[in-house]
Amino acid sequence: MQRRSFLSMIFAIIGSISLGSLAYPFLKYLAPPKAEIKAGKQTIRKSDVGDAKEILYQNTPAIIIDRPGKGLIALSRVCTHLGCLLDYDKQKKRLICPCHAGIFNLEGRVVSGPPPKSLTVIPLKVEGEDIVIG
Amino acid sequence: MWQKIREGLNLRIGLTDLVDSSLKEHRVPSDTNIFYTIGIVTLVAYFIMAVTGYFLLMYYVPHTDHAFSSVQNIMTNISFGWLIRMIHIVASNLMVALVFIHLISIFFMGNYKKPREITWLAGGLLLLVTLLFCLSGYLLPWSQRSYWATTIVTNIPTAFPVVGEYLANVLKGGEAISGVTLTRFFSLHVGFLPPVFMAIVGLHIFLVWRIGLSVPPFSKSAEEEKPWTEYSHTTYAESYPFYPHFFMKEVSMVMLLFAIIFFIISFFPTMFIPEAANTPADPFKTPADIKPEWYFLAPYQMMKLIPNKFFGISIQVIAIFTFLFWPFFDTGDEKNIIKRPALMGAFIILLSVWFALTFWGRYS
């Protein structure tokens, strides 16, 4: 190897390391700050729910629905297509995405439209007059 | 692959031709010294400020209730937020120092003379814009220092009769420093001043490029001696290409700038952050020893020494105008300051007074 190309190579390596070590803090700075997530369970009075109630579970919008004949279910309201929030259609008993018309049934499964997968079902337990989510 | 990209660019924009005509064929005098690189180093410092500034904007909230806490959040919670803010602070102080050094060296070498009067004027305006950047920037953290230093500065126009009060209130957006002042200074700092600065820099660089780099008056190859009666690009008895010779000199000075920034951040992290800068603004309590930044200490001390506010501020305004338009007063041909003892004496005395007032202001 010639001295000139050796020096060029060394210079390129040192330069890349220097540039990388300067770029790293800037890229790390762009990482989203850790959001405070309320860990654990959440309790709601059963009487507060009615047919359906929108809640915030661990910083994610969710909904508790009282399904006729099937009992309560807690679902994430975030559409699995591109993240819009679903609306509950009480008449037709389904969840509709206002963005691209994705439709989910009350089990959280896709009925029609572009969503690729079912909604996240959040564990739910009824303890007397309280509903414990999570 | 690089070869292909180069060929493609050559075909479309004539890259080789552009590099040859504007960098390799552009000549600079062979006896330039490191002071000739200070201009570009200052510009790099400005770009460092711009990049770190954009990053700070992502988390900074320009509201009196959140400004201080958002800056503290950047310093303590956000990954490497402290580093980005420290680079911004240190680079801003170094930038002011660099503009001062640049102007002093140009003055000392007499390079403001014909045909470079407009270049000097643009440089002087850049110093004023830089100081405005600093002034508008240090209110933003909404700390005790921010609040009270800005209170003092925004009250300076009250020294002028008739319009003074009105001017001060326009600057503050009211009778006192408030949320309106904060948003005014914020918009000035991030929206108004950057394009103004870049426009003046554009003019400055265009003139330096168009006329050609000046030659030190004490060098062997003094610039052509015939009087300038029509435009001509400066030619030199001895010169070398801008690229790579002068370019490498500039790169090494830029590296030195980075080294100094990281040296200060590593070993003197609190150099530009006094106690009052870490305390939230309290409009009901002026801190015991509130002092402006080092570059405002000389005018600050002068205002303390001269009891008549109008007289004190008038001297400073006259000084600024004399400084800006100096090339139009000093029109003689002699560039070498050593052959002009009166000017050199006045220059050294003024510089000494400035240093003395700065130290006096700092330790009084």
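Predicted model: local features only at pLDDT ≥ 70, side-chain atom pairs only at ≥ 80, totals over all residues.
**The disulfide in chain A**

Next, select A:Cys84 and A:Cys99, which are joined by a disulfide with an S to S distance of 2.0 Å. The count over all chains is one disulfide. Look along the S-S bond: the torsion is about -95 degrees, so this disulfide is left-handed. A:Cys84 sits in the loop between strand 4 (71-76) and strand 5 (87-89) of chain A, and A:Cys99 in the loop between strand 6 (94-96) and strand 7 (103-104), so the bond ties together parts that are 15 residues apart in sequence.

A:Cys79 is buried, with a relative accessibility of 4%.

**Positive phi in chain A**

Stay in the loop between strand 6 and strand 7 of chain A and pick A:Ala101. Its phi is positive, near 60 degrees, though the residue is not a glycine. A:Ala101 is partly exposed at 47% relative accessibility.

Then move to A:Gln58, in the loop between strand 2 (52-57) and strand 3 (60-67) of chain A. Here, too, is a non-glycine residue with a positive phi, of about 50 degrees. A:Gln58 is partly exposed, with a relative accessible area of 30%. For context, most residues other than glycine have a negative phi.

**Over to chain B**

Select B:Lys114 and B:Pro115 to see a cis peptide bond, with omega about 10 degrees. B:Pro115 belongs to the loop between helix 5 (81-108) and helix 6 (117-137) of chain B. Another cis bond links B:Tyr243 and B:Pro244, with omega about 5 degrees; B:Pro244 is in helix 10 (residues 242-267) of chain B.

Finish with helix 8 (residues 164-172) and helix 9 (residues 179-211) of chain B, whose axes are 7 Å apart and at an angle of about 80 degrees. The two helices are therefore roughly perpendicular to each other. Show side chains for B:Val170, B:Leu171 and B:Lys172 in helix 8, which meet B:Val180, B:Thr181, B:Arg184 and B:Phe185 in helix 9. By class, this contact has four nonpolar, one polar and two charged residues.

How values were computed:
Residues numbered from 1 in each chain as written. Chains lettered and ligands numbered in written order. Heavy atoms only, no water. Disulfide = S-S within 2.5 Å. Helix = DSSP H or I, 4+ residues; strand = E, 2+ residues; numbered from the N terminus. Buried < 20%, exposed > 50% of the residue type's maximum accessible area, 1.4 Å probe, protein only. Axes fitted to C-alpha atoms, helices over the stretch in contact; angles between N-to-C directions. Parallel < 35°, antiparallel > 145°, perpendicular 65-115°, else oblique. Contact = heavy atoms within 4.5 Å. Nonpolar A, V, L, I, M, F, W, Y, C, P; charged D, E, K, R; others polar.
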